[in-house]
Amino acid sequence: MSKPPQISPLMRELSAYIAGALKRKLPAEVAARAKNHIVDTFAAMLSGSRLLPGKKMIAYVKPLGGTRDAGVIGTRHVTTALNAALANGTSCHADETDDTHPPTRTHPGTSVLPAALAVAEKQELSGEALLRAVVLGYDICARTLLALDPRKLVPDGRHAGATGQVFGAAAAASALLKLDARRVRYALSYTFEQTAGVTTMFRDTEHIEKAYAMGGMPAHNGAQSALMAAAGFTGVEDIYSGDPDFFSILSPDGDPAALTRGLGRDYEIMRGGIKRWSIGGPIQGPMHVLYEIIQKHGVKARDVEKLVVRVPQEQLEVVNEREMVDISLQHLLAVMLLDGTMTFAAAHDLKRVKDPAVLKTKQLIEAVADQTIPNAVRGWRSRIAVKLKDGRTIEHETLAAKGTAENPLTREDVKEKSLDLMAPALGKKRSLALIAALFDLEDLRNVRALRRLYSV
């Protein structure tokens, strides 16, 4: 007779926490912040369903058939929970609209919410259950990478974000399926088997592969792991101990205790970021600074002789003269100088790439990697100096752009951004109704009620 497996204290604590997550009431400020993220993520899914990556994935899942468990956002199609998680996760990261967790450089919402929503719809659960599961997913997503050393993954070509997000999605789905601690451990083991994502995705100029790898794949794989454990699949009970284990394989110098440190006290969603502008995260700081300069001083493109934007090196590498318009620093600054603001439509207008006015304004912009700007781990930072034709120079900076944990968006900010994203798909009236329902998520007895609002 074989001996029962030895389960480490770390795994016992983590699996018990995940198994009991739906029973824990959230602090009011955490619930409020989480609803901001959920509204923002629904907006990203709806807008993404109208973009090429979302369209491609929706067309892919529609013929797959299966049980009618969960809806595909922005359509009237109802399919399996796994197909819905795959489609909605891909739509959510169809461009750079979705939320982030700056300390781990993950996009939790784009995988956690699609997986959680699909399972909650399948199980016909309440909005309160969905809310608690989403907060749990953010915690496990972030802590997975805080326990690893993501810097060790990147040189090997692994994408750390997808690794954190698949564990976040699995945790949220496991809680909603009401797995006991032992089955949670099996779900985590299958999640480790399905951990994927490589940095070649950044060479994808159409954002289709990146949308799948950063959104749909972790959502689908995490939900699948939980559903398999719920169906009775067994396996290794403790991936965090033994030889080999999670850490010896991915990060021998990691910090395993970070997986459970502060659970139930320090909520990682409170360190999340919601982008004020529907563009790449590293451009949020420069856009924040330029917008404040425009608002305060009335600066227009015709007034500018030179604009020097300074950002941390790691951020400039991501957005410097990129081909994709919504993550190209110089292009977007030029558009904001001309328009005085930035809308979703303007950030995604490919015609403006060759607009003579935009090209002329881009020539005035110099981007500099500034090592004197403090480490940007906690948020989006930038300095801008604008030299005007009248001889004046206006300088401004931010160490906490709008949307960071230190300077979070208000409910009204989120509503304004989300309406801009949702209305082209749903119309203004239904968009406002969906936003209101999500802000009152605790009152929903069955999350399937949201389908009549998000289906088109």
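Tutor: Start with a definition. A cavity is a set of grid points where a 1.4 Å probe fits but cannot get out, and a lining residue has an atom within 4 Å of a point. Note that this model is predicted.

Student: What makes R33 and H37 lining residues of the second largest cavity?

Tutor: A lining residue needs an atom within 4 Å of a point. R33 and H37 meet that, and so do G272, G273, I274, G403, T404, P408 and L409. The volume of this second largest cavity is about 30 Å³.

Student: Why does its lining count five polar residues?

Tutor: Gly counts as polar, so G272, G273 and G403 belong to that class. The lining also has three nonpolar residues and one charged residue.

Student: What lines the largest cavity?

Tutor: Among its lining residues are Y17, R24, K25, R132, D139 and Y267. Helix α6, residues 127–147, gives the largest share, four residues.

Student: What makes a space a pocket and not a cavity?

Tutor: A pocket is an open set, whereas a cavity does not let the probe out. The second largest pocket holds about 410 Å³ of space. Of its 15 lining residues, T205, E206, M324, H348 and L350 are the closest to its centre.

Definitions and conventions. Residues numbered from 1 in each chain as written. Predicted model: local features only at pLDDT ≥ 70, side-chain atom pairs only at ≥ 80, totals over all residues. Heavy atoms only, no water. 1 Å grid on protein atoms, 1.4 Å probe; cavity = no way out; pocket = protein on both sides within 12 Å on 5 of 7 lines; lining within 4 Å. Helix = DSSP H or I, 4+ residues; strand = E, 2+ residues; numbered from the N terminus. Points joined across faces, edges and corners; volume = space filled by probe spheres on them.
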